[in-house]
Amino acid sequence: MKKKIQRSMILVIVTTIVVAYAITIVFIYGKIRTLVINDVENEAYYVASVANLSGESYINKISMNNFNCRVTLIKKDGSVLFDTEEDAGGMENHALRPEFLGAVNDGEGSSIRKSDTLDTDMYYYAIRLDNGDVVRLSKPLNDITKTALEFLPVMFTIAALMVLLAFFSSGHAAASIVAPINKLNLDNPLSNKTYPELNPLLHRIDDSNKEKAALADMRKEFSANVSHELKTPLTSISGYAEIIRDGIVKPSDIPKFSDRIVKESNRLLSLINDIIKLSELDEGKVEAQKENVDLFTLSRDIIERLSEKAQKNDIELSLSGEHCEVYGIRRILDEMIYNITDNAIKYNHKGGHVSIWAGRDMSGVSVVVTDDGIGIPDDQQERIFERFYRVDKSRSKELGGTGLGLSIVKHGAELHHAKVTVQSKVGEGTKMAVNFDIKR
């Protein structure tokens, strides 16, 4: 970071110098041109005034030593009578030169053009004398490239000194900028007194720390819950098996004890299967391929599988809606709807009703499971998707289950970019909806 800041500062300085140099050259070039033009015009007025008073013989005595300009005397017909640099007899007629035409017609004229003799831009200024002849003065105008080259050594020296100074000063500045960042307390980021620009980052780090702490607590709680949930059926299995092994059970009780061992074994197997499912969802190791799944048909199959359980609990099951498809993993979608419906049956009362609706709505495709069971208290509705969390722990133990069903629903929804919503009132029932955004 320090080197990056240093490079950035040097780049800014170099860029500033280059831009300043370009602006300076343009400004100086403009000033030089203005000075040359003013100088030529002032001297032209002086020569013309003297020639009008003393005669053209004055002009014939002029040499380049007297003026900084080239002086040319031109007759009315354009022929050259005198020139301070060339033999007048060998010079071509100037009748068509723009500065000559301007002087003849308007009293004075000027032009800028490249001189064939000097191979550079010249400024020409001509004034008509009282006798009709024309006196013309001219002077070279340095082009902007030449002006830039003249100042280049000075600017290069200045630039080198500035870059050298910037190298050392930027190193010190970068170190002073980075020093407070290196001393940040990332365990308690909001306690740092540093640059205001870092506050959003520090707040994100603080949020991240809280999330990590929450995840750590969840892992601890999960480990404790898993240990407890595994230990309970294993203890029962071990106890009943030991009684049978030691022969201290009546022959008539063996079938009953064996049945308990089978039930606890199935409970243990269900728990392990659910933990494996959650692990797959957490780590993105779901191997099933996505396909178009009809949620209405899937819901109908789930009702058929749960119909026997519903009848035992005197619960009426119903299905409504329409055929609608989502692109997803059939096994996970089945597990989600099955778990929600299974909970609706478990936490209901005799003579209760559970309905499933599947179809399209304003937000996409949805599956809605509604029951008229015991309901969920408001302060617990956000926690029901936590692993091993049970609203009514005593009743949950009686009804069985692993406490992981709704966690699977939550992770399955995240996998399919779906949203799960819960509406519930204690004693009136629960409505749980899974909405799939089919635009994704």
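In which sense do strand β1 (residues 70-74) and β2 pair, and over how many bridges? The pairing of β1 with β2 is antiparallel and runs over 3 bridges; two strands count as paired if DSSP finds at least two bridges between them. Within this pairing, L73 has F82 of β2 as its bridge partner.

The model is predicted: local features need pLDDT of at least 70 and side-chain atom pairs count only at pLDDT 80 or more, while totals for chains, interfaces and linings use all residues. Residues are numbered from 1 along each chain as its sequence is written, and side-chain values use heavy atoms, with hydrogens and water left out.

**The chain as a whole**

The protein chain holds 10 helices and 12 strands. Helices (H or I, at least four residues) and strands (E, at least two) are DSSP runs, numbered from the N terminus. Of its 440 residues, 37% count as buried; buried means under 20% relative accessible area, exposed over 50%, and partly exposed in between, with a 1.4 Å probe and protein chains only. Among contacts (heavy atoms within 4.5 Å) between residues at least 6 apart in sequence, 61% join residues at least 24 apart.

Strands of a sheet pair through backbone hydrogen bonds, either parallel or antiparallel. Here, an open sheet of 5 strands has the order β2-β1-β5-β4-β3, and its pairing is antiparallel. The edges are β2 and β3, each with a single partner strand, so one side of each has no neighbour in the sheet. On average, neighbouring strands of this sheet are turned by 20° against each other, direction ignored. Helix α3 lies across β1, β3, β4 and β5, and runs at about 175° to β3. Axes are lines fitted to C-alpha atoms, for helices over the stretch in contact, and angles run from 0 to 180 degrees between N-to-C directions.

| Element | Residues |
|---|---|
| α3 | 98-106 |
| β4 | 121-128 |
| β5 | 134-140 |

**Helices α8 and α10**

Two packed helices are described by the angle between their axes and the distance between the axes. The axes of α8 (residues 330-346) and α10 (residues 405-415) come within 9 Å and cross at roughly 145°. By class, this contact has 8 nonpolar, 4 polar and 1 charged residues. Ala, Val, Leu, Ile, Met, Phe, Trp, Tyr, Cys and Pro count as nonpolar, Asp, Glu, Lys and Arg as charged, and the others, Gly among them, as polar. Helix α10 is largely enclosed by the rest of the structure, because 8 of its 11 residues are buried. These include L406, I408 and V409. After α10 comes H417, whose phi is positive, near 55°.

**Cores**

A nonpolar core is a set of buried Ala, Val, Leu, Ile, Met, Phe, Trp, Tyr and Cys residues joined through side-chain atoms within 4.5 Å. The largest has 36 residues, and L295, L333, M336 and F436 have the most contacts inside it. Both α8 and α10 are among the elements that each supply at least two residues of this core. Leaving out residues up to four places away in sequence, M336 touches I408, V409, G412, A413, V434 and F436. A second, separate core of 19 residues includes A48, Y125, V135 and L137.

**Residue F257**

F257 is in helix α6 (residues 254-283) and counts as buried, at 15% relative accessibility. Apart from neighbours within four places in sequence, F257 is in contact with Y240, I243, I244 and V249.
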